[in-house]
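Subject: Structure handover and findings

Dear colleague,

Please find the structure below, followed by an account of what turned up in it. I have kept the definitions beside the terms they belong to.

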Amino acid sequence: MTTISIKENRFTADRLLLVCWYLTVFSAPFGDCLLRIELPIGGYFFLFRGMILLTCAVYLVHLLCKRENPFRGLSRPEKWFVVLVVCMLAYGLVSVLWSVSLGAWFSKLFTMCQMFALVFLFLKLCRDPKVMRITMWIMGITVLITALGGLIECWHGPFFDTPYRDYSYVFFNKAFYAPIFSLYNPNGFATYLLFSLECLVLYMAHNWKTPASAGDKRLLWALSAGMCLTLFLACADGGRLSILSILVILLGLAVWLLPRYKRGLWVFAAFALTFSFIYVGENYLQVRYQAERAAFEIQQVLGLSGQSQPGDAPEKPAPPDKNLHGTLYTLSPSISETDAYESVSQSDGVRMTLIKDCVQMIRESHGLGIGLGNVEPRLRELDNSDGIYAAHCFIMEVLAEFGIFALIPLAAVALSILKALWLAFCAAFRAHDKKRMAEPLLLLFTALAYPLLSTANSSSWGIQAMWLYLAVLLFYSGRLVQDTTVKMI
């Protein structure tokens, strides 16, 4: 196990490693907006990329000085993740031989190496409870900055240059901007917030005290407020998959709270109020019309209209124009005469077409994958998706490019996590411990939300919060196995 020792009044290599790690986590949501430098190949170089490379270099020096085996102490799910990394990196390197675009291949390989390094560094460094706590605090701060930045963008407009600048969100019959902040597109923005909040919720659940301390309660309400704000921002972005993911996560949170802190279920009143507020805001004209019609009918029944002069009698309210922006689940770009349901069907149709094209690639390669970075060029050749060439489904993108070289180890990772959750649940069930039963269920619900969230964005390779969530899931599922084994002994 990697141990980090920090001596007072001396700037050691261990301290440098932690400083680099904290800066890496802090810079993650800002993407290429901080210290952006264009490269001749591989896109852009920015602060996060520089910090992850520096952290890896310092960590290697740390290993050499301490003469440690970096793979010692890994749980079974974490070991299978290492196998997945080795398989994907090996196949990715070999696939350069049939790469369609060397630039696309290098850019994706570079991104993949960064994200794998991010997960591995988390698994090793955050074994120290103090490092884990500071890492979660930094993630909480970045989530707050990102969410508040997105909220300001609703009125102010995008802070950074983006092709989605003209997207609008109609709320209380007024046009607002769709929040994006530094995440390039609306779906990426909502996905980053939700994956980050999942990490924080799992950290809170694992460290919850019995009975609940004042700090635990405040953290629960703070995370619930963040989830409510994210719900609004996801609606403003039209992130239907993100909204469905929120519902799955909330269900897991309710299952976890029920045996542990029943008073905490009051947070769901805040979620209900948020849903109601968003629905009324998005359908303001329709809601106002229904209220005015109900008031008119009440007046008719009570005979109040007959007491007035004929010219003063209230007129029956006229139905509003067709709502072009839909109900709670849709976003329509600022294009006139676009019906919300048509927009949804077009979006779903494009996604299904892209998934079918990826399945076709898997068949053409006989399950061996078409090679790293070749999905988008192949989609351009097929040209079945109205000029959209990103896969829009992370799992299908991985399977199309890597085939069985990712499918087999990925299935092993998923099965090892599910086995860990099952063993922990069974041990708690035999002990009639409802509180212990709830923790693997919460992990399971967040895992069920993963396919939805990872598919919400056009491509999730560069969403650092998704990889940090995978690291948290691997870490806590491994801890559940270790705790269960110790208690059985």
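The second largest pocket has a volume of about 680 Å³. A pocket here, on a 1 Å grid over the protein atoms alone, is an open set of points where a 1.4 Å probe fits, with protein on both sides within 12 Å along at least five of seven lines, and its lining residues have an atom within 4 Å of a point. Grid points are joined across faces, edges and corners, and the volume is the space filled by probe spheres set on the points. Of the 24 lining residues, Trp137, Gly140, Leu219, Ala222 and Leu223 are the closest to the centre of this pocket.

The model is predicted, so local features need pLDDT of at least 70 and side-chain atom pairs count only at pLDDT 80 or more, whereas totals for chains, interfaces and linings use all residues. Residues are numbered from 1 along each chain as its sequence is written, and side-chain values use heavy atoms, with hydrogens and water left out.

Which helices each supply at least two residues of the lining of the second largest pocket? They are α5 (129–156), α6 (186–206) and α7 (214–237), and α7 gives the most, with nine residues. Helices (H or I, at least four residues) and strands (E, at least two) are DSSP runs, numbered from the N terminus. By class, the lining has 15 nonpolar residues, six polar and three charged, where Ala, Val, Leu, Ile, Met, Phe, Trp, Tyr, Cys and Pro count as nonpolar, Asp, Glu, Lys and Arg as charged, and the others, Gly among them, as polar.

Elsewhere, Pro77 sits in helix α3 (residues 76–94) and counts as buried because its relative accessibility is 2%; buried means under 20% relative accessible area, exposed over 50% and partly exposed in between, with a 1.4 Å probe and protein chains only. Leaving aside residues up to four places away in sequence, Pro77 touches Ser416, Ile417, Leu474, Ser477 and Gly478, a contact being heavy atoms within 4.5 Å. Pro77 and Ala414, although 337 residues apart in sequence, are 8.0 Å apart from C-alpha to C-alpha.

The structure holds 32 aromatic pairs, in which rings of Phe, Tyr and Trp (its six-membered ring) have centres within 6.5 Å, with planes under 30 degrees apart counted as stacked, over 60 as edge-to-face and the rest as tilted. One of them is the edge-to-face pair of Phe81 and Phe116, at 6.0 Å centre to centre and 85° between the planes. This pair links distant parts of the chain, with Phe81 in helix α3 and Phe116 in helix α4 (residues 102–125), 35 residues apart, and both Phe81 and Phe116 are buried. Phe106 and Phe110, by contrast, form a stacked pair at 6.0 Å, with 15° between the planes; both lie in helix α4, four residues apart.

Most residues other than glycine have a negative phi, and most peptide bonds are trans. A cis peptide bond, with omega about 0°, joins Thr210 and Pro211, and Pro211 lies in the loop between α6 and α7. Phe181 has a positive phi, near 55°, and is buried at 10% relative accessibility. His432 likewise has a positive phi of about 55°, but is exposed, with a relative accessible area of 70%.

Best regards
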